[in-house]
Amino acid sequence: MTRYSAFAVAREAFRDHQGWTRAWASPEPKRKYDVIIIGAGGHGLATAYYLGKNHGIRNVAILEKGWLGGGNTGRNTTIIRSNYLQDPSAAIYEKARSLYEDLSQDLNYNVMFSPRGVMMLAQTEHEVRGYKRTAYANALQGVKTEFISPARVKEFCPIIEIRGPRYPVLGALWQARGGTARHDAVAWGYARKCSEMGMDVIQKCEVTGIRSDGGVVKGVTTNRGDIDCDKLGIVVAGHSGHVADMAGFRLPIESVALQALVSEPIKPCMDVVVMANTVHGYMSQSDKGEMVIGGGADGYNNYTQRGSFHHIEETVRALNETFPIISRLKMLRMWGGIVDMTGDRSPIISPTPLGNCFINCGWGTGGFKAIPGSGWATAEMIAKGASGPLAAEFGLDRFREGRFIDESVAAGVAH
Ligand SMILES: Cc1cc2nc3c(=O)[nH]c(=O)nc-3n(C[C@H](O)[C@H](O)[C@H](O)COP(=O)(O)OP(=O)(O)OC[C@H]3O[C@@H](n4cnc5c(N)ncnc54)[C@H](O)[C@@H]3O)c2cc1C
């Protein structure tokens, strides 16, 4: 596979770009693999990559019913941060954030990680107390954040109206090394490396059944035939309930659509990510100049991947208060993704009741930022047969035992 470099770009410029090889192969499924991963979103691909890189397991297939990153991975608003309240969350999100720092070099693929800084606005006294508490917790966890004054908010982001009519800005939780990355590139970069390691990334291959014998997984049934495996990883986000059903167990998960939209492109006006959780909206500016805007999740369970007018209206109205500059912007596109929500708003990385079958799900509205750390932890679990330190607290048994990792209140909005 061609190594991407300035030299390669220059060389190809002299030969009409005829020398580039395909970024990943498109193989037919083999009869058997050591490990099958269902779902070629970021988490599934990262799991496969770290299985190969960290554990030397390369006889791996990643099966995707649609196209690479066509699920939530290619639909999110790309916010990366690790300023979570609870210790297990801060550990895995900070591991992920730190892996993002040099992911482009590691994958030899530009994922456009942009640590431009993320601020979560405090617009009520309750939020001020909550974010100060998170800043103290982060200090203990080794995650660099600080609570900043309204004046510094204005300095970092001049387009914010800090004296808003309903909700003035009272400060913010600021993470200077949080930011964004190009979501498709994260999926593509991992897929390319998996393919380079000899793994089979197989698109348009839908898993329709899971076969087992004596309580141990034997393989999967797909629209392209039966495929056997020694170990199985289910990494399908909003479809987790369906696939778990095929494996014979239930999950404490609800699937709902989460929506986002982008405006027409405008000149650079905002070089940080801002989350305004009280009015419920968050915004950043893409490299193209579009304002990337995220809203809330639908209030009812569903499997649509569309946006809806009432959400746009609600989100844009909310953001108008804090960013009057957007009031006359045209909105260009809207879409939805099916997110997998747990009751405590924390993920599940766990062995399952079916032997040699493992699951990674429940990232809900905030799993893009976690992709490298989640893949790292899930690969370790699949390779060793039990969760390592990063994933230990995220097992399915926490719901039976009441050991919740409650990020729902701490995060306000979880992206
Ligand atoms: C609008 C929106 C905004 C968001 N904003 C952010 C954000 O700013 N920051 C953040 O950190 N997170 C955000 N998220 C959440 C984030 O996108 C997800 O948590 C993350 O992408 C989940 O990745 P995944 O790999 O688990 O799932 P997905 O990317 O959904 O991948 C799962 C894959 O499994 C495949 N699949 C399903 N069933 C089968 C089957 N039977 N056989 C084969 N393949 C199957 C699907 O086709 C899909 O490609 C947002 C999500 C949405 C929808």
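A residue is near a molecule or strand if its C-beta atom, placed from the backbone, lies within 6 Å of it. The model is predicted: local features need pLDDT of at least 70, side-chain atom pairs count only at pLDDT 80 or more, and totals for chains, interfaces and linings use all residues. Residues are numbered from 1 along each chain as its sequence is written.

**Exercise 1. Describe the shell of residues around the ligand.**

Step 1. The ligand is surrounded by 40 residues, and the closest are Gly-39, Gly-41, Gly-71, Gly-337 and Gly-367.

Step 2. Two or more residues of this shell come from each of helix H2 (42–55), strand S12 (253–265) and strand S16 (331–342). Helices (H or I, at least four residues) and strands (E, at least two) are DSSP runs, numbered from the N terminus.

Step 3. By class, the shell holds 14 nonpolar, 21 polar and five charged residues. Here Ala, Val, Leu, Ile, Met, Phe, Trp, Tyr, Cys and Pro count as nonpolar, Asp, Glu, Lys and Arg as charged, and the others, Gly among them, as polar.

**Exercise 2. State how the protein is divided into domains, and explain why the ligand lies between them.**

Step 1. The division gives domain 1 (30–78 + 183–252 + 344–411) and domain 2 (115–179 + 254–342); such bounds come from an automatic or database domain assignment.

Step 2. The centres of domain 1 and domain 2, taken over C-alpha atoms, are separated by 29 Å.

Step 3. In the interface, 20 residues of domain 1 are in contact with 16 residues of domain 2, where contact requires C-beta atoms, placed from the backbone, within 7 Å. The side of domain 1 that touches domain 2 has six nonpolar, 11 polar and three charged residues.

Step 4. Both domain 1 and domain 2 give residues to the shell around the ligand, so the ligand lies between them.

**Exercise 3. Characterise the overall fold of the protein.**

Step 1. The secondary structure consists of 12 helices and 18 strands.

Step 2. The radius of gyration, taken over C-alpha atoms, is compared with a globule rule of 2.2 Å times the number of residues to the power 0.38. For 415 residues a compact globule would have a value near 22 Å, and the protein agrees with this because its value is 21 Å.

Step 3. Along the principal axes, the C-alpha atoms fill a box of roughly 65 × 65 × 40 Å.

Step 4. Of the 415 residues, 50% count as buried. A residue is buried if 20 or more other C-beta atoms, placed from the backbone, lie within 10 Å of its own, exposed if 12 or fewer, and partly exposed in between.

Step 5. Among contacts with a separation of 6 or more, 75% join residues 24 or more positions apart.

**Exercise 4. Are Thr-78, Ile-79 and Asn-356 buried or partly exposed?**

Step 1. Thr-78 is found in the loop between strand S2 (60–63) and S3. Thr-78 counts as buried because it has 24 C-beta neighbours inside 10 Å.

Step 2. Ile-79 belongs to strand S3 (residues 79–80) and, with 22 C-beta neighbours inside 10 Å, also counts as buried. Ile-79 and Ser-284 are 205 residues apart in sequence, but 8.6 Å apart in space, C-alpha to C-alpha.

Step 3. Asn-356 occupies the loop between strand S17 (348–351) and strand S18 (357–361). With 19 C-beta neighbours inside 10 Å, Asn-356 counts as partly exposed.

Step 4. Phi is near 65° in Thr-78 and near 60° in Asn-356. Most residues other than glycine have a negative phi.

Terms used. Contact = placed C-beta atoms within 7 Å.
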